[in-house]
Amino acid sequence: MGTKIKTHKGTKKRFRLTAKGKAMHRQSGTSHLAGGLTKKRRRNLRGTAAVDTCMEKTIHAALNGNSY
């Protein structure tokens, strides 16, 4: 009997997994100093975006297969 693999809490707060297993994240650059951005850029940063495919495996391992 080995030890349990723990969920990485920082990853848990930043990513969600979709039903098909894609990792979604909040877009960066929206917290503050957004007045300097164009309206189009601010509008396009709304919502969530899929994580790049090269990071999927790492995020799945950190979340230990759980979605929160």
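This short talk walks through several residues of one structure, from its charged surface to its glycines.

Good morning. Please keep in mind throughout that this is a predicted model.

I begin with charge. On the surface, Lys-6, Lys-9, Lys-13 and Arg-14 gather in a patch of positive charge. Let us take one member of that patch, Lys-13. Lys-13 belongs to helix H1, which covers residues 9-14. Is Lys-13 buried or exposed? Its relative accessibility is 67%, and a residue is called exposed when that value is over 50%, so Lys-13 counts as exposed.

Helix H1 also holds Gly-10. Here the accessibility gives another picture: Gly-10 has 18% relative accessibility, and because buried means under 20%, Gly-10 counts as buried.

Next, I turn to Thr-7, which is found in the segment before H1. With a relative accessible area of 15%, Thr-7 is buried as well. Which residues does Thr-7 touch, if we leave aside those up to four places away in sequence? They are Lys-12, Ala-62, Leu-63, Asn-64, Asn-66 and Tyr-68.

Asn-64 is placed in the segment after H3. Its phi angle is near 60 degrees, which is a positive value in a residue other than glycine. As for its surface, Asn-64 has 33% relative accessibility; this value falls between the limits of 20% and 50%, and therefore Asn-64 counts as partly exposed.

Gly-65 also lies in the segment after helix H3, the helix that spans 53-63. At 57% relative accessibility, Gly-65 counts as exposed. How far apart in space are Gly-65 and Leu-17? From C-alpha to C-alpha they are 8.8 Å apart, although 48 residues separate them in sequence.

Leu-33 sits in the loop between strand S2 (23-26) and helix H2 (39-44). The phi of Leu-33 is near 60 degrees, again a positive value in a residue other than glycine. Leu-33 has 73% relative accessibility and thus counts as exposed.

Gly-10 and Leu-33 are 23 residues apart in sequence, and their C-alpha atoms are 24 Å apart in space.

Thank you for your attention.

Key
Residues are numbered from 1 along each chain as its sequence is written. This is a predicted model: local features need pLDDT of at least 70, side-chain atom pairs count only at pLDDT 80 or more; totals for chains, interfaces and linings use all residues. Side-chain values use heavy atoms; hydrogens and water are left out. Patches are made of residues with over 30% relative accessible area and no salt bridge: like charges are joined within 9 Å, nonpolar side chains (Val, Leu, Ile, Met, Phe, Trp, Tyr) within 5 Å. Accessible areas come from the Shrake-Rupley method with a 1.4 Å probe; for residues, only the protein chains shown count as cover. A salt bridge is a side-chain nitrogen of Lys or Arg within 4 Å of a carboxyl oxygen of Asp or Glu. Lys and Arg count as positive and Asp and Glu as negative; His and the chain ends are not counted. The place of a charge is taken as NZ of Lys, CZ of Arg, CG of Asp or CD of Glu. Helices (H or I, at least four residues) and strands (E, at least two) are DSSP runs, numbered from the N terminus. Buried means under 20% relative accessible area, exposed over 50%, partly exposed in between (1.4 Å probe, protein chains only). Contact means heavy atoms within 4.5 Å.
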